[in-house]
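We'll hop from one spot to the next.

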Amino acid sequence: MASMKTAVFLVTLLAVQQPSGHQLIQPESIQWRGPATGLQTAIAEGNPQAAGPFTMMLKLADGAWIQPHFHNVDKRLVVVQGELLMGHGDELDKSAVSVLKAGGVAVMPANTHHYEGGRGETIVALIANGPFTTTMVKK
């Protein structure tokens with residue numbers, strides 16, 4: 001009887017976690033915005049300004065940096081290509097970064113002051129729940 005309850009619980013849990021519709025977003029369908037020499041962004045799915053999950057793609061040119069900033073919610077980063085250089089604090093310090101290689105995953109808690117750079121053309125999937133805001137540390 002206990003195994004039947006466990007099975008029902010697992011089936012119910014899996015049903016709750018199923019997405020509303022299966023989506024495939026191919027690389028050629030991503031519409032990048034921003035300068036090719038710096039940071040380009042694209043929304044792969046969802047809406048960062050609305051409640052709920054979304055995936056935003058980031059493309060950093062080799063040597064490009066995102067100045068210190070923070071977000072109102074946790075974010076997850078998955079490096080698709082290149083190497084993401086990540087540092088913490090209010091000042092960009094290239095000598096104090098960690099390297100996240102292609103295939104690596106990072107979790108950045110909400111309100112953590114941080115900065116990122118690209119080594120080689122770097123493509124990253126940013127996954128979070130909206131509404132999502134970015135605040136630059138120095139304006």
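Start by selecting G38: leaving out residues up to four places away in sequence, G38 touches K59, L60, A61 and A64, where a contact means heavy atoms within 4.5 Å. You'll find G38 in the loop between α1 (2-17) and β1; helices (H or I, at least four residues) and strands (E, at least two) are DSSP runs, numbered from the N terminus. G38 counts as buried because its relative accessibility is 15%, and buried means under 20% relative accessible area, with exposed over 50% and partly exposed in between (1.4 Å probe, protein chains only).

Before going on, a word about what you're looking at. This is a predicted model, in which local features need pLDDT of at least 70, side-chain atom pairs count only at pLDDT 80 or more, and totals for chains, interfaces and linings use all residues. Residues are numbered from 1 along each chain as its sequence is written, and side-chain values use heavy atoms, with hydrogens and water left out.

Next, colour by pLDDT, the predictor's confidence in each residue, from 0 to 100. The protein chain has a mean pLDDT of 89, and 85% of its residues reach 70 or more. Now select residues 3-16: pLDDT stays under 50 there, and the model has zero contacts beyond four places in sequence for them. Where pLDDT is low, the predicted coordinates should not be read in detail.

Zoom out and switch to cartoon view.

Now select T122, in strand β7. T122 is buried because its relative accessibility is 0%. Show the side chain of T122: one of its polar atoms lies 2.9 Å from the backbone oxygen of G120, and a polar atom of that side chain is 3.4 Å from the backbone oxygen of R119. Not counting residues up to four places away in sequence, T122 touches L58, K59, L60, Q81, G82, E83 and L84.

Move over to H69, in strand β3. Is H69 buried or exposed? H69 is buried, because its relative accessible area is 2%. The side chains of H69 and H71 are joined by a polar contact of 3.3 Å; a polar contact is a pair of N or O atoms within 3.5 Å, and within protein one must be able to donate a hydrogen and the other to accept it, while residues adjacent in sequence count only if both atoms are side-chain atoms. Beyond four places in sequence, the contacts of H69 include K75, Y115, T134 and M136.

Last stop: the largest pocket. Select L39, L58, I66, H71 and T134, which lie nearest its centre among the 13 lining residues. A pocket here is an open set of points, on a 1 Å grid over the protein atoms alone, where a 1.4 Å probe fits, with protein on both sides within 12 Å along at least five of seven lines; lining residues have an atom within 4 Å of a point. β3 gives the most to this lining, with three residues.
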